[in-house]
Every structure is written in structure tokens, then in C-alpha cells.
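Biologist: I have just opened this entry and would like a guided tour. Could you walk me through it from the overall picture down to single residues?

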Amino acid sequence: MLEDTVKKILKARVYEAARETPLSPAHFLSRRLDNQILIKREDLQPVYSFKVRGAYNKMAQLSEAQKAKGVIAASAGNHAQGLALAAKQLGVKAVIVMPRITPEIKVQAVRARGAKVVLRGDAFGEALAHARELIEAHGYTYIPPFDDIDVIAGQGTVGMEILRQQPGRLDAIFVPVGGGGLIAGIAAYVKYLRPEIKVFGVESEDSACLKAALEAGERVVLEQVGVFAEGVAVAQIGEVPFAVMRDLVDGVITVTTDEMCAAVKDTFEDTRAVAETSGALALAGLKKYVQQTGVTGQTLVCINSGANTNFDRLQHIAERTELGEQREAILAVTIPERPGSFKKFCRTIGKRMVTEFNYRYADADSAHIFVGVQVKPGGEDRRAVADKLREAGYPVEDLTDNELAKLHIRHLGGGRPKEHFEEEVYRFEFPERPGALMNFLTHLPADWNISLFHYRNHGAAYGRVLVGMQVPNGDRYHVEEYFEKIGYRYWKETENVAYRLFME
Ligand SMILES: Cc1ncc(COP(=O)(O)O)c(C=O)c1O
């Protein structure tokens with residue numbers, strides 16, 4: 001099987017639509033990580049991601065009759081743009097079904113390549129179902145995003161170029177994983193020719209479907225998938241990719257949202273490219289690998305797989321970057337509510353750079369301060385700041401790893417109710433589509449009072465909402481049954497220390 005896949009990669013037709021991208025040295029990172037880091041610049045493809053390789057190769061293999069009828073895909077992401085470009089080059093009609101919520105910029109990008117866009121349904125599943133109906137009706141050929149050997153072969157040309165571009169020492173290659181098409185192609189080619197090179201998959205810890213499959217020994221469907229890195233938000237690893245790669249990959253590294261954001265910044269500093277979060281995923285994994293194994297002097301390659309990001313998302317990414325690099329500590333500190341104590345607190349913090357400062361009167365005796373402080377990466381400095389404050393007599397909570405604090409509380413700045421009342425607090429991830437909020441509210445019983453609401457647009461396909469509800473006693477134990485019916489991801493936050501200190 002391996003040999004067949006390698007032959008398909010060698011014969012793959014991609015260069016009529018894709019280009020050979022550079023393997024660029026990352027000088028800053030190399031110095032910082034004490035290894036030679038090279039970045040494969042798939043963000044420089046004409047559609048700003050590698051996906052055009054697989055789409056073009058798949059389409060190039062179709063019969064004349066299939067080409068005459070046209071091709072179809074359901075996608076709001078990079079596959080849609082890759083397919084549209086490939087179809088244009090081959091002179092084939094392409095239809096892309098996108099959910100109605102797809103940002104206009106993506107719709108325009110696909111139309112600009114000459115593809116026909118059909119907007120259908122509120123979510124991806126409905127778009128896919130409609131694509132199937134159109135296949136029935138018009139005989140189009142479906143072009144899958146990853147689960148196909150010709151798509152895998154097209155993506156495998158990335159591996160072929162890497163080995164050609166780096167004929168000397170090469171210790172490991174880090175590959176982002178969604179459905180597994182890219183890593184299957186790269187692993188097949190690299191392991192066939194140079195089995196000593198390690199190939200690692202990198203997944204967002206919110207959508208680690210390859211890791212789950214390798215652990216279980218079979219493909220599993222993840223119950224929940226986080227969509228922060230949309231390009232890799234896949235619930236189940238592809239069947240064909242898994243069969244190709246399961247015995248070839250050397251392991252999977254999972255990374256957090258904050259680590260991906262930090263890698264977006266690293267990519268920018270070394271290449272001036274603005275990677276999308278999935279595009280920077282592999283670098284985040286590479287950094288973690290170096291940190292965990294302590295390797296030095298090695299040659300490590302990661303793939304910048306795409307740069308299709310919404311501009312208005314950058315603010316959120318930038319905000320989380322310092323945390324991802326462990327350069328910012330977020331602390332909740334309680335100080336006495338008396339004249340001069342705020343000043344004394346500032347003196348204790350000393351000359352450190354303060355990134356954020358929220359002061360809120362709590363009661364006649366104390367006040368809570370929400371403070372962001374710049375620290376040295378590694379955790380030691382962060383602990384030192386907290387210890388110093390504790391030694392000075394202040395109660396301190398370290399909120400650096402607290403999602404509620406990072407997403408909502410830091411933007412809420414106080415606003416406590418005058419008197420105490422019972423409130424259930426939940427955090428939700430909403431799909432960003434018209435009516436999503438209304439859908440949420442209509443599922444809640446009419447006698448629940450909304451006592452707190454915070455929403456911030458992150459420029460992504462989903463929104464994040466914090467809701468406080470006054471729930472009548474009879475419903476108290478059934479709250480989550482209602483949420484299950486709505487189907488959005490949620491987290492209970494009523495006991496979260498950040499909520500208790502700043503909002504309760
Ligand atoms: C930018 C980016 N990176 C990585 C991937 C993951 O590729 P695969 O689904 O082949 O694993 C995708 C998939 O669309 C992507 O768009």
C-alpha cells in the first residue's frame with residue numbers, strides 16, 4: 001500500500017494550479033529554540049493554502065465524461081477555494097455549497113475563481129446534504145476534502161518538495177491534522193524514502209481526532225469539536241488517511257488555543273506572514289516538542305498550511321498570544337478597601353510591566369483587583385509574582401489558565417448586583433449565525449430571568465457568550481437538560497473563582 005501511495009504522489013498533477021513553495025529558515029525561532037527551524041510556506045499558494053494540491057490532482061484524474069458534468073463540494077473553508085481554482089484551471093464547472101452563514105469575503109473569493117456558489121442551510125451538515133441532492137439531480141462528481149487517495153497524493157507533494165529542498169539533515173516534520181489528508185500524504189512519501197525522519201501530527205486539543213483514533217486503535221467520532229481552528233475542526237479522522245498513516249506517524253502533539261495564537265505571532269515575526277490559526281498549528285506543536293524533549297541542534301520542519309484568516313479576528317489572537325507564550329500572568333488579588341492600599345499594592349508589584357488593571361470596590365472591607373503582569377516564560381516567574389504578593393499579605397488567585405477570566409471577566413470590569421441573589425452561570429459557544437441567539441433564548445423556559453449576559457465578537461464562525469440566569473427552584477436540577485436540547489457547547493461557571501471574585 002505504501003509503495004502504491006508513493007507512486008501516486010510521484011505521478012500527482014498539481015503544478016498546473018499550485019506552486020512549489022519555499023522552505024524558509026526561521027532565524028528568530030531557531031535562535032530562541034536552539035534548533036534549526038524551517039517553515040514550509042504553503043500560505044504562499046495562490047489560494048493561500050495547500051488544499052489546491054489535492055483538489056487539482058483529484059480532478060485531473062477524472063474521466064472526460066465526469067469533467068463534462070462538473071464537480072461539487074460542500075465547504076466554507078480552504079477546500080472551497082482550492083477546488084474553485086483547480087476547476088478554473090481545468091475548465092471544469094464547479095459548484096460549491098456553503099452554509100448561509102459563510103462570511104461574504106469567502107463567498108466572494110470562491111466566486112472570483114469562477115465557481116458557482118449555492119448558499120444553503122445554517123450549518124455544514126445541511127450544506128452537505130444539499131450537495132448530495134445536487135449530485136443526484138445533475139451527476140456532478142463529489143470532490144472530498146481529505147478522504148480520498150488522489151487528494152492524499154496531491155497533498156503528499158508537500159512532502160516530496162520538503163525532501164528535495166532539505167536533502168541534508170532533517171530530524172522531524174510537524175504537520176497540522178484535520179481529516180488527515182495532508183499528514184497521510186507527507187508521512188507516506190517521507191517514511192518510504194527517509195524512514196529515519198520523524199513525522200508528528202499536531203492537533204488542536206479541542207479536535208484531536210487522530211490522537212483519539214491512534215489510542216483506540218480505530219477511528220472514533222469526537223462528541224464535541226472546538227472550532228477555534230476552523231481548518232482542522234473535524235470530528236473523525238478520514239478512513240483512507242488513517243489507513244495510510246496509522247503505522248507511519250511517530251506521534252501526535254496537541255496544543256491549546258493560546259499556544260496556537262502564540263505561534264501565529266512567531267510565524268509573523270520570522271516571515272511577516274499572518275497565518276490562520278490552523279496554519280500556525282504545526283509550529284505550536286514543534287515548539288511544544290522542543291520544550292518537552294529538550295532537543296537541541298536538530299533540524300525541524302513545520303508546515304504553515306494556510307493564511308485565510310479574517311482580519312477582525314486578529315485582535316483576539318493578539319490578546320491571547322502573550323498567554324500562549326506564558327509571558328503574561330493573570331491574577332486576582334484582594335486588597336483592603338482603605339485609603340493608600342491601592343498605591344501600596346502597586347509598589348509591591350514593582351517595576352514589572354502591567355498589561356491590565358481592573359480595580360473594583362467589593363465591600364466596605366476589601367476590593368478585588370484583576371491584574372495582568374508580564375512575566376518570563378516557563379512558569380517560575382509567574383509563581384514568583386504570586387508568592388511575592390502572598391508574602392505581602394494579599395490573598396491571590398492565579399487565573400492565567402481560567403477560560404472564563406480570559407474570555408469574559410477581563411472585559412466585564414465589575415458590575416455586581418447590589419444584593420445577593422441565586423444565579424446559575426454558564427459559558428456557551430454559539431455558532432455565529434442569524435437567529436442563533438434567539439434559538440438559545442427560546443429554548444429557555446419563560447420564567448427564567450437572564451441576570452447577566454456578555455458577548456464579544458471574535459471575528460470567527462462562532463461567538464462566545466456568558467449567561468447568568470435566575471432559575472426557579474423547581475428547575476434548578478434540570479438546567480443542563482435544557483442546554484442539551486439546544487446543542488451548543490457549554491461549561492458551568494457558577495463555582496468559577498473568577499466569577500465569584502468579580503461578578504457574584
Ligand atoms: C489551513 C489548514 N491546515 C490544515 C488542514 C488540515 O488538513 P487535513 O484535513 O488534510 O488534515 C486544513 C484543512 O482544510 C487547512 O485548511
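Biologist: To start, what percentage of the 504 residues of the protein chain count as buried?

Modeller: Please keep in mind throughout that this is a predicted model. With that said, 45% of the 504 residues of the protein chain count as buried.

Biologist: And what is the radius of gyration of the protein chain, next to that of a compact globule?

Modeller: The protein chain has a radius of gyration of 25 Å, which agrees with the value near 23 Å that a compact globule of 504 residues would have. Along its principal axes, the C-alpha trace spans about 80 × 60 × 40 Å.

Biologist: How many helices and strands are there in the chain?

Modeller: The protein chain contains 20 helices and 18 strands.

Biologist: Which domains is the chain divided into?

Modeller: There is domain 1, made of 2–50 + 148–322, then domain 2 (52–142), domain 3 (326–401) and domain 4 (424–502). The centres of domain 2 and domain 4, taken over C-alpha atoms, are separated by 36 Å.

Biologist: Changing topic to sheets: what is the strand order in the open sheet of four strands?

Modeller: The order is β5-β4-β3-β6, and the pairing is parallel. The edge strands are β5 (116–119) and β6 (141–142), each of which pairs on one side only.

Biologist: Within that, how many bridges join β3 to β4?

Modeller: Four bridges join β3 to β4 (residues 94–98), and these two strands run parallel.

Biologist: Which way do the residues of β3 point?

Modeller: V71 and A73 point one way from β3 (residues 71–74), whereas I72 and A74 point the other way, and all of them are buried. As background, side chains in a regular strand alternate between the two faces of the sheet.

Biologist: What about β8, is it mostly covered or open?

Modeller: Strand β8 (residues 198–204) is mostly covered, with six of its seven residues buried. Five bridges join β8 to β7 (residues 172–176), the two strands running parallel, and within this pair V175 stands opposite G201 in β8.

Biologist: And helix α19, why does it lie largely in the open?

Modeller: Helix α19 (residues 479–486) lies largely in the open because the number of buried residues among its eight is zero. After α19 comes G487, whose phi is positive, near 90 degrees.

Biologist: Which loop holds Y48, and what is its phi?

Modeller: Y48 sits in the loop between β2 (36–41) and α3 (51–60), and although it is not a glycine, Y48 has a positive phi of about 65 degrees. Y48 counts as buried because it has 24 C-beta neighbours inside 10 Å, where the cut-off for a buried residue is 20 or more.

Biologist: And R272, buried or exposed?

Modeller: R272 is exposed, with 7 other C-beta atoms within 10 Å. This residue is found in the loop between α12 (257–271) and α13, and R272 has a positive phi of about 65 degrees although it is not a glycine.

Definitions and conventions:
Residues are numbered from 1 along each chain as its sequence is written. This is a predicted model: local features need pLDDT of at least 70, side-chain atom pairs count only at pLDDT 80 or more; totals for chains, interfaces and linings use all residues. The radius of gyration is taken over C-alpha atoms; the globule rule is 2.2 Å times the number of residues to the power 0.38. A residue is buried if 20 or more other C-beta atoms lie within 10 Å of its own, exposed if 12 or fewer, and partly exposed in between; C-beta atoms are placed from the backbone. Domain bounds come from an automatic or database domain assignment. Two strands pair if DSSP finds at least two bridges between them.
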